[in-house]
Amino acid sequence: MIEAKGIGKVYSVKKKKSFFRSEKQIVRAVNGLNLTINEGEIVGLLGLNGAGKTTTIKMLSTLLNPSEGTITVDGLDAVQDAIQVKAMVNMIAGGERMLYWRLTGAENLRYFGKLYGLSGNALEKRIKYLLDIVGLTNASDTPVELYSKGMKQRLQIARGLINDPKYLFLDEPTLGLDAPVAKQLRGMVKTLAKSDRKGILLTSHYLEEVEELCDRVYIIEKGSLILHDTPENITASVVKDYHVTIETSVLSAPVQYRMKQGLIGCTLGFTENADSTVMQIKAPFDPTAQIIDLCVKESVSIQKLELKRPRLEDAILALAKEKSA
Amino acid sequence: MWLPFSATFQRNYLVMKRAFPWSFFLGHILSGFYIIIFAYLSYFFVFKKDLSSSFSTYAGTNDYLSYVILGGLLYSFSVSLLMIASRALITELREGTLESLLLTPSSRKGYFLGYVAQGLMRVCVEFAVITSAGYFFGLHLHHINWPGVLSVLVILVAATFSQALVLGSFMLYFRDTYITQNTLFVMMGLVCSITFPASFLPDGLRWIGNIMPLTYGVDALRMVWIEGKPLVETIQLLWKMIILGLVYFPIGSFLIKRMEKYVLEKHFG
């Protein structure tokens, strides 16, 4: 298990005052964050830009030392035992960095494999296996500079797995990828966690991705933790509103009145069209069943029904709004 | 340390094969060549072979052309080597591969040695080309003590490598290669007895030459190359190079480690 206890990161930044003068400023990027990642679990780390996600990942992956607090990986201290910890973790970032473009896919993996202490047949087998699972076997001898963005990202995943890490940090792994490639990568991430039992920390701006993949989510704001739970619980605790839009046959005023009376706790709005009425309902619960019952009772024919459940995205937006207010 | 060494050597060899750094290669050969041409033209057409007696006293030889050509040869050798080792991490930073390298538990010494060992392949070709050019302009090749030359070069490589670690950490700090390296190279050209003995310089400048391994390397090489003297006579110069290497190495290793964290905090955080 990875366990971060009260970790913080303080940067000293020079701010230009004039052409010749600059002033040192202390920036607290992460502040007293507690976080755990278990084997076989996908944990999301969310926050707006500048929330401290990347700094947190860099501390967990040993690239940066925390200014305060401790990080342990299976009981090993990430600062004192950095070499052993490095062998157990890896990081995959979105974009096209972290690879040597002049080398082929296989050469990249061979280089990184050796840096992780692999060699000989074991390394060649691992390269073959990884190129196969990321679907780059046919492009293994092609220089990376000729790869498409999706191919580079898949090779990044192979690079991130070269040392068979127990814990993997994914920093915006689907950034800028086409929908089919992103979907394929999400499938791969799920397999890594659920079948290969790897502990994964994921940051992403695509909240549907987080909702689909993550078992638990940490939401941070200006470096501090503001919420930690399952995506479902976070959504349920932050966003209460369900929105239902129903298009029915034209409703008379008495029927509209009875509808309003029958849907207790809901807010209703009606829009009259030439041959239909559109009803908009907002409720702190899912009112679909109740609405259908009422429509049946009033002999109203439903032409279209659309339910919008609260999503994690709504929760994040609500939290951001709350924080900026 | 062996695996990072061989991995980095192989990686750089493949990159060099696919994209040979012609600009560096030609640039270093040309800078060595300009020193030779300048010395040749000055010697024959400006001071018409008339050397002052103080030159012979300070330089320990009357063979001005061999003196300058060997200076140019070793200056180019040293500059190439410094550039190869000191630019390693800043190149990773610029190409976006620094993080993936620092994530690995590999030995940084193995990495740097692999970088330098592969770079030496190119430096040796440059050395051979400048030596051949120098031969046509008056570089003597007859009294050479070859084992002595080899020993001087090996010690110079080690000391220069240590100096490059310090230079590399400055480059990372300033995130600059051009001004940082060229300031050092211009200074080396002036104070390391490349085209004239450093003894001609005022005392205020001469001390800078004393902290450059090249100063002792070039003097030692001239002794074993021009005069064919036995290695034992250069022992003091070799010791000075070794001591400088031993001083620069821990300082460079410490600073590089600090700078690795610094750049990640400063430029990615």
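Tutor: By class, 13 nonpolar, 6 polar and 7 charged residues line the largest pocket (Ala, Val, Leu, Ile, Met, Phe, Trp, Tyr, Cys and Pro count as nonpolar, Asp, Glu, Lys and Arg as charged, and the others, Gly among them, as polar). Keep in mind that this is a predicted model, where local features need pLDDT of at least 70, side-chain atom pairs count only at pLDDT 80 or more, and totals for linings, chains and interfaces use all residues. Residues are numbered from 1 along each chain as written, chains are lettered from A and ligands numbered from 1 in written order, and side-chain values use heavy atoms, without hydrogens or water.

The lining has 26 residues, and nearest the pocket's centre you'll find Val15(B), Pro21(B), Thr91(B), Glu95(B) and Tyr115(B). Two or more lining residues come from each of α1 (2-18), α2 (22-46), α4 (64-86), α5 (88-95) and α7 (108-136) of chain B (helices are DSSP runs of H or I, at least four residues, and strands are runs of E, at least two, numbered from the N terminus). Of these, α5(B) gives the largest share, 5 residues.

The pocket's volume is about 740 Å³. Here a pocket is an open set of points on a 1 Å grid over the protein atoms alone, where a 1.4 Å probe fits, with protein on both sides within 12 Å along at least five of seven lines; lining residues have an atom within 4 Å of a point. Points join across faces, edges and corners, and the volume is the space filled by probe spheres set on them.
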